[in-house]
Amino acid sequence: MAAATVSNKRVILKRYVTGFLSADDMEVVTVEAPPLDVPTGSKGVVVKNLYVSCDPYMRNRMTRHELPSYILDFVPGEVLENFGVMKVISSGHLDFKAGDLVWGMTGWEEYTVINNPESLFKINHPELPLSYYTGILGMPGLTAYAGFFDVPKPKKGEYVFISGASGAVGQVVGQLAKITGCYVVGSAGSDEKVNLLKSKFGFDDAFNYKKEQNLEAALRRCIPGGIDIYYENVGGKMLDAVLPNMRLGGRIVACGMISQYNLEQPEGVRNLYYIVTKRLRMEGFHVFDHYGTYYRFEEEMAGYLKEEKVSYVEDVVEGLDAAPAALIRLFTSRSVGKQLVAVARE
């Protein structure tokens with residue numbers, strides 16, 4: 001008797017994107033799901049996606065690059081992919097069995113075949129919200145942890161500034177900096193987010209960059225003695241304003257530059273000479289280089305969450321139909337906290 005077919009809702013890229021991302025650049029379609037049993041001899045796994053993450057870097061993958069980037073461009077007509085939380089349906093790999101909960105790269109769809117499951121991480125703390133593995137216990141959390149501790153080597157008493165501070169990465173960096181004993185200031189795009197930074201995440205100060213006439217002056221007001229560590233998530237005008245406000249020998253962690261992703265021509269930065277005069281170190285950072293430390297990070301961060309030393313805020317939308325609009329929210333300052341999509345709650 002033939003097995004019943006299962007449908008598979010998915011989000012595809014309709015065309016390469018120029019300028020600001022719109023919902024019309026993506027499409028939600030329903031196709032037949034792949035076979036839910038892995039073929040004999042396969043070392044792949046079939047997963048049911050529970051949550052998928054919305055992250056700013058996805059916008060870069062929607063543009064066709066003449067020069068190869070660090071990760072492949074999306075292909076029009078094919079499913080989008082990003083980090084997600086999954087339940088293994090069937091497996092041909094010795095390290096995974098049906099019922100395992102994992103996180104890693106998957107499709108923006110209901111069911112995905114993953115042919116290289118060695119790239120997946122098993123979830124060791126299912127007692128915590130599974131959605132956290134798209135954020136504080138997943139790629140963004142590891143980005144915050146490794147990007148803050150491994151690159152600038154923070155010391156107690158240093159002054160830290162974080163742009164995009166209420167997002168998935170920034171909110172974690174700020175709290176880790178407070179645990180380290182630093183003075184922490186953040187910028188965000190609304191009064192609601194500024195209040196969140198100070199009241200929930202324990203930042204010493206924060207400002208709404210949209211209300212500031214002069215970003216350099218805002219930074220001097222919040223950190224009059226200068227910045228030791230800048231965790232860079234925004235780029236453009238914010239980076240330009242930070243450079244004159246850095247202390248001698250300061251360190252800049254270049255994690256992301258969300259202000260530039262929808263621009264056809266990136267903004268220039270005028271104040272780069274301060275890198276010379278202030279003897280600054282600006283270092284690009286990518287989380288893929290730090291995956292070897294993941295399980296150590298997971299245990300430490302899970303401990304912080306259970307001891308309530310760290311808080312986390314999520315912005316969850318329901319269902320893949322809402323996924324395109326959720327991704328766009330990242331670039332309009334509408335999302336509050338970690339943006340993600342609940343595909344199937346279990």
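The structure is a predicted model, in which local features need pLDDT of at least 70, side-chain atom pairs count only at pLDDT 80 or more, and totals for chains, interfaces and linings use all residues. Residues are numbered from 1 along each chain as its sequence is written, and side-chain values use heavy atoms, without hydrogens and water.

The protein chain contains nine helices and 15 strands (DSSP runs numbered from the N terminus; helices are H or I of at least four residues, strands E of at least two). Along the principal axes, the C-alpha atoms fill a box of roughly 75 × 45 × 35 Å. Of the 346 residues, 53% are buried (under 20% relative accessible area, with a 1.4 Å probe and protein chains only). Among contacts (heavy atoms within 4.5 Å) with a separation of 6 or more, 70% join residues 24 or more positions apart.

Helix α8 spans residues 294–306 and has 13 residues. From first to last C-alpha it reaches 18 Å, close to the 18 Å expected (1.5 Å times one less than the number of residues). Its buried residues are Y294, F297, E298, M301, A302, G303, Y304 and L305. The cover over these residues includes strands β5 (101–107) and β7 (121–122), together with helices α2 (139–149) and α3 (170–180).

Definitions and conventions
Buried < 20%, exposed > 50% of the residue type's maximum accessible area, 1.4 Å probe, protein only.
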